[in-house]
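Here is a short note on how two parts of one chain meet. Keep the structure open while you read.

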Amino acid sequence: MNKYYQQTTLAKNVALSGTGVHSGKRTNITIKPARENHGIKFRRVDLPGTQDIQALFKLVVDTSLATVLGTNGAIVSTIEHLMASFAGLGIDNALVEVDDYEMPIMDGSAKDFTRALTAAGTIEQDAPKHFIIVKKIIQVQDQDKSVMVLPEPCFKITCSIDFPHPLVGKQKITYDRATNNFEQDVSRARTFGFIKDLELLKRFSLGKGGSLDNAIVIDKDKILNKEGLRYPDEFVRHKLLDSLGDFSLLGMPIQGHIITHKSGHTLNHLFIKTFLENKDSWETGPARME
Ligand SMILES: [Zn+2]
């Protein structure tokens, strides 16, 4: 693992392909190394001449079913799990070439992306990493759901969920970059859904590529996937994975402690908007550790 204070890119290209969960179409992606201060960008190779799409919060155009980025007529959808892999592995700079609008869902987790990126290896670059350093507590709330950040000299995220379902219930987890291993502890946690919601998606003819191969499907009192769970608390670990992906759209890692309760993409995005607007609550610069 790198020291986490220098910008990082891939050592070589990574190629992957799979099916889009909403489009049902096969998509090929090639992830390429990129120079310092490039950030993460997506390029629609099926739409030559269109502008690259930077993975930044200001380019989010939809979060209702998946995170969608768009600029000047080109969009790229369902980016959140690949973004979580970049964030979890501390990769700052990469170009993602994709030949359709939707990223492949793979197995519903970030396992395949993470494994492929880890296998390619990363290299430290000459420029230092930039961080968003939290200076003040910021919190947003929506009924019993909340997201907040605390100014702490760490890179931590704590997620908790509370679903009134016997197989899920209350779960809580803290991920600390200093002590946890993203690939082992987080990347394999799959998306989950309740069967009643999946039926709703099908009625709107979305989720065409969705199946037991790319989600944990929960019925009234059982999990339909024969192989069971990958972690006893896989549900909250997937929330953590999603949150890492959402917060990565700040364009730089947060130094501080992020705490989410019953949150999802929509509240995470509302939080990021509020956080960025409160300019006295953060500053950018190199990490400041005690
Ligand atoms: Zn997810």
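1. Start with a term. Domain bounds come from an automatic or database domain assignment. The model itself is predicted. Its protein chain is divided into domain 1, residues 6-128, and domain 2, residues 131-285. How many Å separate the centres of domain 1 and domain 2? Taken over C-alpha atoms, the separation is 19 Å.

2. Next, look at who touches whom. On the domain 1 side, 33 residues are in contact with domain 2. On the domain 2 side, the number is 35.

3. Now consider area. The size of an interface is often given as the accessible area lost when the parts come together. Here domain 1 and domain 2 bury about 2500 Å² between them. Carbon and sulfur atoms hold 63% of that area.

4. Turn to the polar links. Between domain 1 and domain 2 the count is ten residue pairs in polar contact, with both residues at pLDDT 80 or more. The rule also finds one salt bridge across this interface. Find Asp 107 and Arg 230 in your view. These residues form a salt bridge, and their closest N and O atoms are 2.9 Å apart.

5. Which helices each supply at least two residues of the side of domain 1 that touches domain 2? They are α1 (80-89) and α2 (111-120). Of the contributors, α1 gives the most, with eight residues.

6. Last, check the residue types on that side of domain 1. The touching residues divide into 15 nonpolar, 14 polar and four charged.

Definitions and conventions:
Residues numbered from 1 in each chain as written. Predicted model: local features only at pLDDT ≥ 70, side-chain atom pairs only at ≥ 80, totals over all residues. Heavy atoms only, no water. Contact = heavy atoms within 4.5 Å. Buried area = accessible area lost by both parts, 1.4 Å probe. Salt bridge = Lys/Arg side-chain N within 4 Å of Asp/Glu carboxyl O. Polar contact = N/O pair within 3.5 Å; in protein donor to acceptor, adjacent residues only side chain to side chain. Helix = DSSP H or I, 4+ residues; strand = E, 2+ residues; numbered from the N terminus. Nonpolar A, V, L, I, M, F, W, Y, C, P; charged D, E, K, R; others polar.
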